[in-house]
Amino acid sequence: MIDLQSVAYNYGGRELFSGVSLSITPGSFHFLTGPSGAGKTTLLKLCYLELMATSGRVSVFGRDAAQMTRDDIARSRSRIGVVHQDCQFLDHLPVIENVALPLTVNGKDPESARGDLESLLAWVGLSHQADRRPPELSGGERQRAALARAVINAPDVILADEPTGNVDWDMSQRLLSLLVELNRMGTAIMVATHDLNLIRAAKAQVNTRTLRIADRRLISAGADL
Amino acid sequence: MTIASFRGFLLGDAQADRAVPPTGFTASLTVFAAAAMSFLAVFALALSLTTERIAERWSAELARTATVRIAAPAGQIQAQTEAALNVLRTTPGVAVARVLSTEEQQALLTPWFGPDLPIDTLPLPQLIEIEEGGEGLDAEGLRLRLSAEVPGAVFDDHARWRAPLVQAADRLRALGLFSLVLIGATTAVMITLAANAALSANAQVIWVMRLVGARDVYIARAFVRRFTLRALFGATVGTALAALAVAFLPGEATRDGFLTGLGFEGLEWAWLPAIPLLAAFVAFWATRMAAFRTLKELT
């Protein structure tokens, strides 16, 4: 679904990483680790086409990213659920409408998915915050809302950047369970995280692959966990 | 734009409209700019139409009449006037040839010399007024016959008065139309600036919408619809106010007076509804172009 072949990315004249090859296939579950500033977020952005590789080839759902129009990118993103590190929302809309946004921008009636929306909000523990505005939520609540928004449209791939960074252990386990459940249904998952306990907990439930960005290269890191 | 998409545009998408937060300042700016520009457009249109109407009227009246002036020694004036009348009576296209009376000639000179001019003591030429018939007359042929048969006669078909008048009217009308184009362009510029401001103020909204898969056309539509409807509303108000102002301008004291004749007559009023529609059209394209350009810059 998402393939990176010998990808390099330069930022401010500096090479962030190069020679990165990665394939996200249906049902796969990847963790991405590495020190801060190594390029985890950048690698995710290349996958959801917010950034374009300096060299190499990125293909998303069989299409070469370099050849995609803005509409092609939008169509691809409607099949990718993104949990962004800083969890941005439309602050003037209530949480439930923010979570429903991937449906509405793709022409689906959120009222017809009202039941799914309410179930999902209950699952991430935000039932009572459904009508509140995002600025009224705590950091953890915002991350849960972001995860709910990422999964509402039943995407083929979920890319999550530190999705448990602001939540307690219990909630991180609940969020992981949601990701695992989606993965078992065939959704490919890629999570960038520093949280080794989260990775270990996931490994106990599903088959995962852990990658590390180090020294500007992407390496397999399964052995040291 | 198909009928279905036009209908969809008018009815709007409640979800898309809600996604873009209200922008109070730019909303007021757009409404005010559209109202002010439409107000001015009504006057530019009135100027253009009035100029055309009055020039046509003057031109038509002058074109239907001509003058023969008999300048001869006092003893020959009567004879040459008779000779000129004979020529005119036998000239095709001359409907009426009438010798102006002393009182009529005095009335013509009164604006210049006052009412006490002793006209009968002055060696003034005799004037003959000619009205053309429906088929028109051959001015050059008549001029040649008069110069051959009435040596003191000078034929004036008013062409030298009419040409500068028509030229001036054409220029005024062109100026009026150019003003309309300028007003349209200024409206487009102001709405573009307001739309850019609104788009920049909503950069985060746009980023989030793009992140969850919104296409540019979906995001742009919310802005375009909002600005188009604001421009339509503002222009409707501006046009209505200007129409009232024109309707209550001082009446025509003299039918051919330019200042007192400024306004619309009959079917000319039907042009006015076109102004808000044109403003909405300009706003639609200005916002659409600004939106797509800004979307590319922002995301």
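Guide: A cavity, as the word is used here, is a set of grid points where a 1.4 Å probe fits but cannot get out. Please keep in mind that this is a predicted model. Counting those of 30 Å³ or more, there are two cavities, and the largest cavity has a volume of about 100 Å³. Its lining draws on both chains, with A:Arg77, A:Ser78, A:Ile80, A:Gly81, A:Val82, A:Pro102, A:Arg149, A:Ala150, A:Asn153 and A:Pro155 from chain A, and B:Leu211 and B:Val212 from chain B. Two elements of chain A, β6 (80–83) and α6 (139–151), each give two or more residues to this lining, and the largest share, three residues, belongs to β6(A). Sorted by class, the residues around the largest cavity are seven nonpolar, three polar and two charged.

On the side of chain B, the lining residue B:Leu211 leads us to helix α8, which spans residues 203–211 of chain B and has seven of its nine residues buried, so the helix is largely enclosed by the rest of the structure. B:Leu211 is itself one of these buried residues, together with B:Val205, B:Ile206, B:Trp207, B:Val208, B:Met209 and B:Arg210. After α8(B) comes B:Gly213, whose phi is positive, near 105°.

Terms used. Residues numbered from 1 in each chain as written. Chains lettered and ligands numbered in written order. Predicted model: local features only at pLDDT ≥ 70, side-chain atom pairs only at ≥ 80, totals over all residues. Heavy atoms only, no water. Buried < 20%, exposed > 50% of the residue type's maximum accessible area, 1.4 Å probe, protein only. Helix = DSSP H or I, 4+ residues; strand = E, 2+ residues; numbered from the N terminus. 1 Å grid on protein atoms, 1.4 Å probe; cavity = no way out; pocket = protein on both sides within 12 Å on 5 of 7 lines; lining within 4 Å. Points joined across faces, edges and corners; volume = space filled by probe spheres on them. Nonpolar A, V, L, I, M, F, W, Y, C, P; charged D, E, K, R; others polar.
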